[in-house]
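Below is a short briefing on one model. Please have the sequence and structure open while reading.

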Amino acid sequence: MRLGLVVDLDKCVGCNACAIACKQWNTSGTSGSLTDYRPYGPDPSGVFFNRIRHYETGNYPENKTVHFPMSCMHCEDAACVTVCPTGASYKREEDGIVLVDPEKCMGCNYCAWACPYGARELDREEGIMKKCTLCVDRIYDENLPKSERKPACVMTCPTTARYFGDFDDPESEVSVVSRKREGQELFPELGYKPVNKYLSPRNKVEIDQHDVVEPDLVRKVKDWVNKVVEL
Amino acid sequence: MHPAFSVIFFTVTSGAGYGLIALLCLFNFLYFGMLFDKTNFLIFSGVSVALFTMGLISSTFHLANPKNAWRAFMRFRTSWLAREGLLAILFYPTLFLYLILVYFDFYKDYFLLMQLYSIYIFFFAIVIIYCTGMIYACLKTIPQWNTIWTPINYITIGVYLGSLIFFLLLSINEYNINPYKPILLIVISLAFITKFSYYLSIKGPRHGIGQATNAAIKLKDTNVRLLDVGHTGGTFLTDEFGYNVAERKLSKIKWFSIFSGFFVPFFLIYTYSYLFDNIVLCIFAVVLSFIGMIAERWLFFAQAKHVVNLYHGSQQC
Amino acid sequence: MATKQDKIVFHSDKFSKNASKLPKFENHDKQSHKHTTCYMCACRCGIKVTLENNKIRYIQGTPTHPVNKGVLCAKGNAGIMKQISPARLRQPLLRKPGSERGTSEFIPISWDEALDMLTERLKKIRETDPKKLAFFTGRDQMQALTGLWAQQFGTINWAAHGGFCSVNMAAAGLYTTGFSFWEFGDPDWEKTKYFMLWGVAEDHASNPIKIGINRLKERGGKFVAINPVRTGYQAVADEWVPIKPGTDAMLALSLVHVLLKNELFDWEFLVRYTNAHYLVVDTPRKKGDGLFYRNKDGVPQSWDLEKESTVNATDSKIKPALLGNYVTEDGTPVKTVFTIMTERYLDKEYSPEMASKICGVPAKQIERIARELAHVAFKETIEVKTEWTDWTGRKHDKFIGRPVSMHAMRGISAHSNGFQACRSIHFLQVLLGSVDCPGGHLAKPPYPKHVAPPIKPGKNVVPGQPLESFPLGFPQEPEDLAIDDDGNPLRIDKAYSWEAPIANHGLMHMAITNAVAGDPYEIDTMIFFMANMAWNSTMNTSKIRESLCAKKKNGEYKIPFLVVCDAFDSETVGYADLVLPDTTYLERYDTISILDRPISEPHAVCDSIRSPVLEPDRDVRPWQTVLVELASRLKFPAFTKDDGERKFKDYKDFIINFEKAPGIGFLAGWRGENGENSLRGKPNPKQWEKYIENKCFFQYEIADSHKYFRGANKGYLEFAKKVGFNASSDPIIIELYSEKLQKFKLAGMGLYDGPQPKRERDQFRISRFFDPLPSYYIPLEHRCTFSQKFPFYAITQRPMFMYHSWDSQNAWLRQLQAHNYMHMNKAKAEELGIKDLSWVWVESNTGKIKVQVKLMEGVQSDTLWTWNAIGKQKGKWGLEDDANESTKGFLLNHLINEHLPCADTGSPITNSDPITGQAAWYDLKVNIYPAAENEQFGVYPNFEKANKAPGIPETSDILRYNTKKPVRLSRSLRDILTKGGFE
């Protein structure tokens, strides 16, 4: 299996639901706690596995805003795993999820250096590198209803801008949707083969507006006077 | 990248240490026997061991979870850091055996074996420095590091610092330094030339925000800019990768490191060698070269722009 | 509607194979689940809370819930951090004797002491002059209860926060189509093909809009966003229209102009469902002008084209003229409503060219959007094959749908022309025939209601007696105003006076100012619930904070007693004389009632409850429980048996047994003694249990034949009457022309037989703004502000992850936004030499603030904007002294005056919509200029540090929330040593 996410940039409204759902699930999950620093003080910060950035393209008034969620891409050729000296970082053979074994991590940050996507964050309190697990502690939990065996971010996304599934399975939702909408990889030229795909904003919807106006037929108001419509 | 002193210290001292031991063994090889008397050789080797050991210990200071540091060599199959760690660990018994053999005068009885052993240690030490360089050079995410010049620099600078110490030790112990004078000057020049080539090679950005996002945004307009990074305090990512120094300061430090690290030592060694025989000049050269190389290494980090910055507002890196 | 969870996730066999190899991460035996309703904002999504070790493991959306269909926003997901917020109040507090108000010096007292003290005080007020109690509630969701409480107390001075939130939207809808946006109606997300989002500042509603945008996009519909700022929802719009703030009415009416000009409107719809064909008396400057021409029974008349005479406009089978001037049998000159509309909107005043100058939107774009709307409405018509009967008895075999829909909110409502702007948007919908039709804008039961709902505001204050009806209602004519014989306001906020005649939600933003000024009279006690009136929920914050502490000559406070009920240590708590600590939403029972602000979906009647998930760990009580207790102690008739004993044991008992009308109570589900009835039935003693069993919500599907055209749908109208939504089953006629407004206008002109304003200022305002057809007028503050001096509009938005929430103290959400910037158009800033991230002064008629500026493309070039309510006072909300909220965060409120800055108005007059009293806080005009070199850090104004309320703990630098020791997943040594490599 090759598990991963598809993020639809055409639907993401930048609400951060996925980021906070991730935080909520994972702080009591297998990677927990996700430490927060200065939670009530200056420059509050903390460990997040999923962050949403916001970009602009074009110049006013032809500009567009794009909300851009990013988490681990679970690369097929994950540089973070390659560089990890202790073997704490690994890519599961069964499903391709890239994980960190917290018992083995020495907190050298090297994997974070190797990752172009900013997917890894050090938990300074534990001294351990943490990252998106694709909610490995949800997706296989047979005590959850089938419909809930999804990553927390996907479950919660109010605009359904996130999809989860097996890219090896051509019939899975992620395969279908990324085929249909030409799912894109970030930084393909680095060669890490990110599994997660992004769906680009759609082209503007064009609506015909000529069939409703026939200049010759523009009527004078007085022509309407005797039009009969039964009540 | 955030320049962590522990890592700067590690790369500079371990490079010098491995450089020194490499030279000691290389000259044994070239000299067809012990260049120094046994005691001095062991002392000089001790200096080298002290240097790279200090470096290695220092490198663990930047670990957030040092209790697992012992695991660092486990993934030698893929990780340059593990390779460096593993080789550094293996180097100790290898070198100690060599030193024991030296102590027991094996050079006399087993000349060929010792010649081979000497050149073996030389390569071993150079390979370790190469691995250290490759720790950085293998990262495609940091274009300023991802160049062949990085391991070359690590080696030339390690050898350069090692040779300065070597030269100093020769001088202090009143060996005939004449044959080494031109060699040292060549080594300094070589270190400078390779470093300068590095600086030339990293000029100009290699990645743009377009690569980072445009594949996904794919709008006709490629003019993407950050609007909001999504958090008002810092994050691990901005702390670790957001290190930003003004171009002017970088340039100043660059010239300082070149002067202090290459030009002045070259001038001092030249003066000491051919014009004014005073050991103080040589000591100064060593001290300045270390200061210069620490600055060089600081610059190596400070100039490095991780591509994740493209997501945080940099247009290029 | 398909819920999100219905989608099949492909879980191949491989999943179970892998699962067997993994450790058991979650100990489900140690976990329990409880459903309840979210309260992180006002959307009221269903949530399922997983508990573990008596802590919250996880909060997720309830998949079957009608509001959120399983999804949950960032706020909902951050509920844990609200539950553990250090800012939670711990016990009732009394201002320390001898200390000054506003210093946050308190002594803890017991609930018995607090309630005894309050009961005694309220009893005295109730027996002497009940209006001396002013009771204003903030973002609460229990106005049916608080309103009942106020009515039973007998005070006229009650309102919730709608006066500064969205009364313009509610009022415009209820005076036009009988329903409105958000809680009143939604786009038909399942069928709509063209969606226009007007002025949504990332606000109402949260998840429903997001779910809807997804549905629209899946079908490839077009999404047009009209908004000066392009963030949030506007980002994913297919077309962004950067309009100048406060000019939306002009844009909408210009679209109307283009539609009319090209005969692009739904003739049948206008005749059948609206009053477009009604005859209006045309006798300018005479009494009776502009009123409907009625027969002697008072029935409005139309001109029948076949009979060539007047006929009852509401009779079936007539063939009314839509257009034309006539003279009636009695010689009265009349013209149809539609005639007046065409005269008004076909005028070049509303041409795209003129609109372009006002709105800043190119004329071509206006023209094109109008045509696109028409194309979708008329060329992409959809049909839903279902038999239904209209009110005339005519049978139809299908519903015809015009799949154009709209949603509008804050950016329309918070202007002083917002009522008419919102009506203009409804006009657009009506012309396109996209009201309550498939693909259009659908009503949500109990809406639509008759225009306007037949509830008049109570106004007869009698000591010791309840008010004759709820304090808030819907005036239909000047007689319904709450004014005395001299025309002076009866209410402390001057709602329903000539200043704001149809102020259906009151004017909470004026309550403090007026009470302190003793204008129209002095009060004794003011109660605030869940409203941060000393900070971000008020205009002119600094002045209001001073006012709250103002004293009379005798040393008594001008507001003698201030009670604040809140769950958190807000800025306003600091000003209280008595603090009643509320619970969090996870610790209480609540009802989200159809009698109140319903959560219905267009095709389902819904309500819900909250049921406690956790026991409070503090000495706090839910406010509704306290209200029932006070009501019982004060022996309100509705809460007292004939023998004088209390009628209801507690809040739960009250909800079960209180009946508004026979069979109608707060909860509509599982009524009847055994829970056998829906919507109407006898009280059910096990009703709460039934809700809890059913995930805390109730949903009643509307019959297919009742789903559309409900204002004219006979079956639905009869159903609505039966279950008590409407008093009659008469058709609900859409009022394009508002005779009700015209009556006020005539009063303003001195042509009305009834109350008329006496002050010249009121006469002008009433006659100018009470236009029976919507018109665009320049927002009031803009009219009296020199645009050379204050050339910029300044508005706010609330970030989606904080919209309608109280969560600047939320440890997770504040990481996203701990301080705010003033955003500005990049090119414009460069023109003015303002640099990105520099500090600037922003100045208005009222004051100035120093803030940091951030440049962007996505903002209309004459507009500045910032995130609202991020700035906090040092010391409050459990935050540390150097928290960004107080060092860099700021409020725009300091620049906004609660009075209009106009010199020509004589005495101060509220800065509100002249029709509804909606606070016009988006009307702000400002100037911006760089701060000096030595001023390049720190916000102004900067308030002194406030004391924390007793019991608020010091906070730690590290937070590591979890509910259990994590079950880790490990990698084997063998795998480490053998896997891959050497490539």
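What share of the contacts in chain B with a separation of 6 or more comes from residues 24 or more positions apart? The share is 77%, where two residues are in contact if their C-beta atoms, placed from the backbone, lie within 7 Å.

This is a predicted model, in which local features need pLDDT of at least 70, side-chain atom pairs count only at pLDDT 80 or more, and totals for chains, interfaces and linings use all residues. Residues are numbered from 1 along each chain as its sequence is written, while chains are lettered from A and ligands numbered from 1 in the order in which they are written.

**Chain B: fold and dimensions**

- Chain B has 11 helices and one strand; helices (H or I, at least four residues) and strands (E, at least two) are DSSP runs, numbered from the N terminus.
- Along the sequence, the pattern of chain B reads α-α-α-α-α-α-α-α-β-α-α-α.
- Taken along the principal axes, a box of roughly 75 × 45 × 30 Å holds the C-alpha atoms of chain B.
- Of the 317 residues of chain B, 49% are buried (20 or more other C-beta atoms within 10 Å of the residue's own, with C-beta atoms placed from the backbone).

**Chain B against chain A**

- On chain B, 48 residues are in contact with 52 residues of chain A.
- Helix H3 (80-103), helix H8 (209-217), strand S1 (224-228) and helix H9 (236-241) of chain B each supply at least two residues of the side that touches chain A.
- H8(B) gives the most to that side, with six residues.
- That side of chain B divides into 26 nonpolar residues (Ala, Val, Leu, Ile, Met, Phe, Trp, Tyr, Cys and Pro), eight charged (Asp, Glu, Lys and Arg) and 14 polar (the others, Gly among them).
- Strand S4 (residues 51-57) of chain A and S1(B) run antiparallel and are joined by four bridges.
- In S1(B), B:Asp228 stands opposite A:His54.

**Helix H7 of chain C**

- H7(C) (residues 207-218) is largely enclosed by the rest of the structure, because 11 of its 12 residues are buried.
- Its buried residues pack against elements of chain C including strand S9 (194-198), strand S10 (222-226) and helix H8 (232-235).
- H7(C) is followed by C:Gly220, with a positive phi near 80 degrees.

Conventions:
Pairing = 2+ DSSP bridges. Expected span 1.5 Å × (residues − 1).
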